[in-house]
Amino acid sequence: MKQRMPLLITILLLGYAFLYGPIISLIVYSFNESRLVTVWGGFSTKWYGELLQNTQLLSAAWLSVRIAALTATIAVVLGTLAALALVRFRRFRGRGSLEVMVTAPLVMPEVIIGLSLLLLFVAMESVIGWPAGRGMTTIVIAHTTFAMAYVTVVVQSRLAHMDLSLEEAALDLGARPLKVFFSITLPIIAPSLIAGWLLAFTLSLDDLVVASFVSGPGATTLPMVVYSSVRLGVSPEINALATIIVGLVSIAVLITGVLLWRQDRRNRLDAH
């Protein structure tokens with residue numbers, strides 16, 4: 001085993017370098033003086049100042065954040081309800097259809113999802129007049145469609161391994177089912193809800209293909225702006241924006257990790 005350790009460490013380091021090397025390079029070149037992102041011209045923070053003047057990037061970033069937050073919130077609510085139905089109610093009419101609808105977005109190509117939703121929105125607009133055009137509303141609906149599936153899988157896994165004796169004891173003591181859910185079930189599955197919310201937020205913020213199908217002229221998300229800009233050449237402002245996003249995401253992941261660790265530690269102490 002000791003003879004294999006150097007090899008395992010080397011493979012681990014190569015894996016980390018492959019995954020995080022490009023991100024580190026992007027962060028470094030965001031402080032590049034030169035406009036050419038592949039040529040180092042000295043240390044400078046001027047591109048962060050230029051970024052603050054780029055209204056197109058900032059407005060697209062703010063729109064993407066709003067869409068992602070709204071999508072994640074709706075996906076958590078719907079995904080939790082779907083997970084409860086699949087775990088707690090073993091047999092009911094339509095269970096098979098619900099399972100198929102939950103798992104289908106996980107394996108369906110994004111091009112198919114985007115095209116089918118576009119055709120659906122066009123048909124709905126011609127029949128009932130809603131939604132009127134494509135914009136933020138259609139993007140949120142489209143993102144919720146596939147993000148809810150991921151949330152359902154995460155919450156369903158937590159509910160399947162949950163100890164039901166706590167809920168049963170509360171019901172025996174006279175608590176109503178709704179009270180039991182909010183006082184006992186919800187705090188126990190809270191880590192999975194947070195994980196599902198973050199996952200849905202990331203999926204929505206990162207999506208390009210589906211949003212390209214269901215968005216309109218007045219709703220351009222950040223990935224769409226970045227993709228359009230990269231086709232003409234990578235701008236240092238894109239590196240600066242990406243660095244800010246990486247920093248914010250890292251802080252959010254760190255805070256979430258600490259909260260989940262504290263919750264898990266508290267649960268272990270309560271169990272003992």
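The model you are looking at is a predicted one. Arg95 belongs to helix H4, which covers residues 95–107. Is Arg95 buried or exposed? With a relative accessibility of 19%, Arg95 counts as buried, because the cut-off for buried is under 20%.

Now look for Ser30, which sits in the loop between H1 and H2. Here a polar atom of the Ser30 side chain is 2.5 Å from the backbone oxygen of Ile27. The relative accessible area of Ser30 is 0%, so Ser30 is buried.

## The whole chain

Let's step back for a moment. How many helices and strands does the chain have? There are twelve helices and zero strands. Read from the N terminus on, the order of elements is α-α-α-α-α-α-α-α-α-α-α-α.

The chain has 272 residues, and 33% of them count as buried. Its C-alpha trace spans about 70 × 70 × 35 Å along the principal axes.

## Aromatic rings in pairs

A pair of aromatic rings is described by two things, the distance of the centres and the angle of the planes. In this chain the count comes to six aromatic pairs. One of them joins Phe31 and Tyr48, whose ring centres are 5.2 Å apart with 35° between the planes. This pair is tilted, because planes under 30 degrees apart count as stacked and those over 60 as edge-to-face.

Where do these two residues sit? Phe31 lies in the loop between helix H1 (5–29) and helix H2 (46–53), while Tyr48 is in helix H2, so the pair ties together parts that are 17 residues apart in sequence. Phe31 has a relative accessibility of 25% and counts as partly exposed, whereas Tyr48, with a relative accessible area of 17%, is buried. Another pair is formed by Phe181 and Phe182, with 5.2 Å from centre to centre and 80° between the planes, and this one is edge-to-face. Ring pairs also link Phe31, Phe43 and Tyr48 into a cluster.

For a last stop, find Leu186 in helix H8, which runs over residues 177–188. The relative accessible area of Leu186 is 26%, so Leu186 is partly exposed.

How many residues apart in sequence are Leu186 and Thr80? The answer is 106 residues, while in space their C-alpha atoms are 9.9 Å apart. You can check this yourself by picking out both residues in the structure above.

Key
Residues numbered from 1 in each chain as written. Heavy atoms only, no water. Phe/Tyr/Trp six-rings, centres within 6.5 Å; stacked < 30°, edge-to-face > 60°. Helix = DSSP H or I, 4+ residues; strand = E, 2+ residues; numbered from the N terminus. Buried < 20%, exposed > 50% of the residue type's maximum accessible area, 1.4 Å probe, protein only. Polar contact = N/O pair within 3.5 Å; in protein donor to acceptor, adjacent residues only side chain to side chain.
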